[in-house]
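The sequence and model come first.

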Amino acid sequence: MGNGIQVRDRFADGAQYIGGKLRSGTSGRHHDVVNPATGETVYSYELAGTADVDAAVAAAREAFPGWSGATPAERSEAMHRFAAVLAEQADDFAYVESLQCGKPIKLSTEFDVPGTVDNTSFFAGAARHLEGKSAAEYDGDHTSYVRREAIGVVGSIAPWNYPLQMAAWKILPAVAAGNTIVLKPAEITPLTSLMFAQAATEAGIPDGVINIVTGAGKDAGEHLVGHPDVVMTSFTGSTAVGKRVAEIATSTVKRLHLELGGKAPFVVFDDADLEAAVNGAVAGALINTGQDCTAATRAYVQRPLYDAFVQGVAALMETVRLGDPFDPSTDLGPLISHAQRDRVAGFVERARAYATVVTGGEAPGGDLAAGAYYRPTLVAGAAQDSEIVQSEIFGPVLVVLPFDTDDEGIHLANDTPYGLAASAWSRDLYRANRATREIKAGCVWINDHIPIISEMPHGGYKASGFGKDMSSYSFEEYTQVKHVMYDNTAVARKDWHRTIFGDR
């Protein structure tokens with residue numbers, strides 16, 4: 001269907017996907033999906049209420065015995081078909097993702113959609129490789145081995161910045177391991193999550209394995225996390241909301257996976273390739289209009305390169321093209337909403353009192369005035385303990401600070417509550433290796449910033465949460481590890497029994 005897809009027709013039956021079918025929510029409250037590039041409503045629907053969450057969890061619970069009891073090969077084959085359906089519908093997914101998020105179509109087409117297809121293919125293969133420790137006689141008298149078993153119904157919550165990819169990151173490892181899932185996407189961007197679940201059904205994944213409830217966090221989200229039949233919660237979003245999710249989950253003794261905020265440092269040593277660092281900083285700071293928890297937000301540049309770096313980044317930022325997300329030449333789309341745009345602008349306006357806005361720092365007018373656009377912004381001269389350096393802005397804003405010694409650069413990189421991602425730029429192998437060891441983050445890139453791959457884990461340190469998305473490491477989140485031990489002696493009275501029976 002490409003850009004001819006009509007979302008109102010596609011989701012005429014509602015924005016809840018339960019037991020393999022679309023249905024309307026029962027909360028009695030409506031919500032609009034708005035194109036942030038134009039301010040126009042593209043879809044209206046009724047939000048999920050607690051009854052919809054209950055129905056989705058019941059569908060997932062009913063589907064669990066059959067899906068968890070399928071062979072790894074059967075689950076793998078179904079997920080390979082799933083990847084094929086996604087690839088066939090790639091144009092539709094890219095169009096709808098850009099429509100609801102304001103992403104440039106080249107980002108949706110070249111990053112979000114192919115990344116999701118690749119994730120699906122990876123987990124289709126990984127479903128057949130749920131590994132445990134090999135069987136062995138560790139004490140000489142018994143044979144031990146480890147089983148990995150599905151844990152049950154997973155209740156996950158995904159954010160609005162990468163709706164399709166985040167749906168995939170939550171759903172794929174859970175179902176590959178044999179679990180069933182209820183996903184609550186952000187209510188402002190639910191459309192590609194619904195399409196993802198529909199594609200799974202088209203691929204032959206049984207009804208109830210993947211369910212979507214689209215509702216508000218206070219209602220649907222909290223009820224899902226606290227539901228007695230949900231055995232695990234995976235949440236991606238802000239650290240503040242993550243704390244609330246943790247409170248609810250721990251009160252019901254659920255397994256918990258949190259991928260939270262970030263404030264990624266971008267450390268440029270004085271032997272770095274300056275041109276590469278400038279290009280990497282602008283791309284790393286502006287991807288998805290800066291609405292990325294791994295985006296480069298704090299550039300620390302060793303003093304000999306500092307002035308040239310500031311000039312180079314400012315000049316390159318000024319060439320970035322804002323425009324219609326569906327124009328292939330557009331580099332930067334709007335923020336997700338006017339509220340988010342105003343929040344970002346607030347950080348920059350407050351920073352003017354203690355720092356210098358080198359470029360940007362304003363919303364464009366003219367043809368873009370109706371959208372939630374904000375110009376790429378570079379801020380210099382802020383103190384390390386200032387708000388704009390310490391707080392997650394989630395917009396197209398990069399702050400740059402100088403440092404003198406390597407010790408100072410690494411110390412500054414670690415000097416926030418967050419630890420999701422970071423990068424270091426150097427031609428010196430020993431400097432680079434030191435940075436990978438000493439920067440406290442779940443991912444450290446060397447001479448690049450942003451690339452992710454399905455085979456490698458994604459997750460944070462410190463206030464950025466715990467647990468891993470993607471990669472085979474994600475099965476640590478979604479499987480129960482069971483030790484099985486067989487006696488090999490066939491002796492009725494074991495030697496260790498004397499600790500109970502004495503010498504009788």
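## Helix H11

Helix H11 covers residues 303-317, which makes 15 residues; helices here are DSSP runs of H or I with at least four residues, strands are E runs of at least two, and both are numbered from the N terminus. From first C-alpha to last, H11 reaches 21 Å, close to the 21 Å expected at 1.5 Å a residue (1.5 Å times one less than the number of residues). H11 bends by about 25° at Phe309, the bend being the angle between axes fitted to the seven residues ending there and the seven starting there.

Phe309 is also one of the buried residues of H11, with Leu305, Tyr306, Val310, Val313, Ala314 and Met317 (buried: under 20% relative accessible area, 1.4 Å probe, protein chains only). These residues pack against S11 (264-268), H10 (274-286), S12 (296-302), S13, S14 and S15, with contact meaning heavy atoms within 4.5 Å.

## Helix H12

H12 (338-351) has 14 residues and reaches 20 Å, close to the expected 20 Å. Its buried residues include Arg341, Val344, Phe347 and Val348. The partners of the buried residues of H12 are S13 (356-359), S14 (377-380), H13 (387-390) and S15 (397-403).

Strands S3 (30-35) and S4 (40-46) run antiparallel and are joined by six bridges; pairing needs at least two DSSP bridges. Val33 stands opposite Tyr43 in S4. Four residues lie between the strands, and Gly39 takes a positive phi near 80°.

## Basis

The model is predicted: local features need pLDDT of at least 70, side-chain atom pairs count only at pLDDT 80 or more, and totals for chains, interfaces and linings use all residues. Residues are numbered from 1 along each chain as its sequence is written, and side-chain values use heavy atoms, leaving out hydrogens and water.

Key. Buried < 20%, exposed > 50% of the residue type's maximum accessible area, 1.4 Å probe, protein only.
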